[in-house]
Every structure is written in C-alpha cells, then in structure tokens.
Amino acid sequence: MELNATFSRPVGFVIMGLQSLPDSKYYFIFLAFVYIGTLLGNIFLIMVIWQSEALHTPKYMVVFSLSIVDVSHITALIPKCVSQFLFDSRFVTYDLCLTQMFFVHFFYITESYSLVIMAFERLVSICFPLQSSTIITNTRMFGIIVFSWVLAFAILVAALVLITHLSFCKPVPTVMSYFCDHGPIFQIACSDNSPNWKITVFFLFAVIYVPLGFILMSYVFIILAVSRITSLDGRWKTFKTCSVHLILVAIFFTPFLVTYTITWIYTKIDGNTRILNTSLSAVLPPLLNPIIYTLKTEEVLEQIRKFLRKHSIKPLW
C-alpha cells in the first residue's frame, strides 16, 4: 500500500530527448534561435495591430490572439527544453511537469481553434459580404475567442485529472520525449490507462480532425462563392485574402497528420523521428505566422510602414 501511494505520485520525471543522435545539442541551439525569432516577430505584429486602428477588426482580433498564443506556446516549450538538453538538467519535478504539459497542450489547442475561427471569419466575409459586418462584430469575435480558450481549458483539465490518477512503476520514470508530453507519460504508467487513451482519441478528433474538417468544408463553400464572381480580377483578389490562412493551416496540420498516419500504418515510429517532427511542427508555425502575415497581407504591410514612419524608422520597402 505504501509502495502504491509513493509511485502514484512520482518524485518527478527524466526527459530523455533525442537518443544516439550526434551533436543533438546543436538542434536545441537552433530551437533557441527560433524562439528568439518567434518572440521578435510576434511581439512586433502585436504592437502593429494594437496601435493601428485600421486593424481593429474581427479578422485582426483573431490574428492578434494567434500571436499571443504563439508567443505563449513557444515560451511554455522552448526555454525548458534548452535548459534541459544544453545544461543537462533533464529531471523535472512532478508538479512542474504537469504544469508544462498543461500550458504546452493548452496553447496548441487554442492555436488550432484560432485557425478554425479564421476560417469562419473568411467564410462569412466572402459568402455573406453585405451582412458580414453585422454577423461578426468585434464583440462577437471576442466572445468566440474566449469560448475557444474556455473549451481548450476544459479539455486539458480533464486530461490532467486522468494523469493524476495514474500509478508509475518507478519513483522517477523516464519519458521518451523532449518535454512533459501527455502521450509518452501516460503510456509508461503501471496502472490502467484506458481512460487516458480514450481522452487522447477525443483530443485528436476535437483538436485536429474536426477543426481541419471544418476548415476544409468552409473552403468548399468559399470556392463555390468565388466561382460565382464574374470578374477574374475579383476572383484573384478574393482568393488572395484566403491564401495566407491556407498556408498557416498547411504548416500547422500537415506534420501532425503525417506523424499519426505513419503511426497507424506502421504501428510504431522511431523516437528521434517523432521528436524532430513534433518539435519542428510545434516551433515553426509560431515563427512563420507573423512573417507570412507581414509579407502576404497588403493592409498589414501598409500599417507596418505607418508604424515605422511614426517611430522615425525608414521602411526597407
């Protein structure tokens, strides 16, 4: 009884990271530079949107929210990884591990839902152009964003409660991942983890498959609406407003879809391959999101020029 009580709450976990990979420390140095670039890009975009009244619209409320999520997500993930693998401090206490697990997955879910909200905004704007300003107001968009955060919070609380009910065979279990990842942790439990498998399946559908399905379906209706535009120039301009969002969707969802498809087909995927794939898919979207929005969106570029002129910085373009 005493043994079970001890191992039901381990002292902590050892995060293994990349195994038998030469010079793996250089990969985490690369992630540190990605982190710095992500902070600079997203904070700059947040400042531009905050100070530009022309961007105080439902569309850019979602972009603003996404930038906050991106900064929060990568902050919950990268600094701890760099500390663990560059300074060889791979032990993480139980409470700190669950805290990191919560915030990393919470902001991943909110990023997925932000892309869904963007698709909804595009759908209404293109399919109902005359009514869009009354259908989606700033107040309603704020409510939708808050609801998505509450939903993400509820999903993560349920997952973490189930983790706390698990027992482990060792006082300091070893986690085959690069952070306190939900899946690798519940899979090494000694007690029944079938409820954790069930919520993982629910997580996949609620965070990946259903959101992606909604986005794809919304673009079916958008394509039908665009096909009714008689002007070729009008079609191109409408499609261009969607291209940024489609790029973000592809960058965010494709790596995870590839990983889980390979896992289902071959049952098991190499640990290093999984870590490299999931870590890059976690850190690259937050880095690329502000770059893509800056380069591909003319109204953002115009506001950046005004922002730079206001602060006596000569634009380069």
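Colleague: Hi! Which helix does Phe103 lie in?
Modeller: Phe103 sits in helix H4. Keep in mind that this is a predicted model.

Colleague: Thanks. Is Phe103 buried, exposed or partly exposed there?
Modeller: Partly exposed, because its relative accessible area is 36%, and that class lies between the 20% limit for buried and the 50% limit for exposed.

Colleague: What span should H4 have, and what does the model give?
Modeller: At 1.5 Å a residue, the 34 residues should span 50 Å. The C-alpha atoms at its ends are 49 Å apart, so the two values agree.

Colleague: Nice. Which strands does H4 lie across?
Modeller: Helix H4, residues 94-127, lies across S1 and S2. Its direction is at about 90° to S2.

Colleague: Let's do the sheet, then. What is the strand order?
Modeller: The order is S2-S1-S3, in an open sheet of three strands with mixed pairing. Strands S2 (91-93) and S3 (174-175) are the edge strands, each pairing on one side only.

Colleague: In what sense do S1 and S3 pair, parallel or antiparallel?
Modeller: Parallel, over two bridges, with S1 covering residues 12-15. In general, strands of a sheet pair through backbone hydrogen bonds.

Colleague: Which residue in S3 is the bridge partner of Val14?
Modeller: That would be Thr174.

Colleague: Switching topic: what is the phi of Asp88?
Modeller: Asp88 has a positive phi of about 55°, although it is not a glycine. Most residues other than glycine have a negative phi.

Colleague: Where is Asp88 found?
Modeller: In the loop between H3 and S2.

Colleague: Does it count as buried or exposed?
Modeller: Asp88 counts as exposed, because its relative accessibility is 58%, and the cut-off for exposed is over 50%.

Colleague: Last one, pockets. What volume does the second largest pocket have?
Modeller: About 340 Å³.

Colleague: Which residues lie nearest its centre?
Modeller: Trp50, Met61, Phe64, Ser65 and Phe142, out of 14 residues that line the second largest pocket.

Colleague: And which elements give two or more residues to that lining?
Modeller: Helix H2 (25-51), helix H3 (58-86) and helix H6 (138-164) do.

Definitions and conventions
Residues are numbered from 1 along each chain as its sequence is written. This is a predicted model: local features need pLDDT of at least 70, side-chain atom pairs count only at pLDDT 80 or more; totals for chains, interfaces and linings use all residues. Side-chain values use heavy atoms; hydrogens and water are left out. Two strands pair if DSSP finds at least two bridges between them. Helices (H or I, at least four residues) and strands (E, at least two) are DSSP runs, numbered from the N terminus. Contact means heavy atoms within 4.5 Å. Axes are lines fitted to C-alpha atoms, for helices over the stretch in contact, and angles run from 0 to 180 degrees between N-to-C directions. Buried means under 20% relative accessible area, exposed over 50%, partly exposed in between (1.4 Å probe, protein chains only). The expected span of a helix is 1.5 Å times one less than its number of residues. On a 1 Å grid over the protein atoms alone, a cavity is a set of points where a 1.4 Å probe fits but cannot get out, and a pocket is an open set with protein on both sides within 12 Å along at least five of seven lines; lining residues have an atom within 4 Å of a point. Grid points are joined across faces, edges and corners, and a volume is the space filled by probe spheres set on the points.
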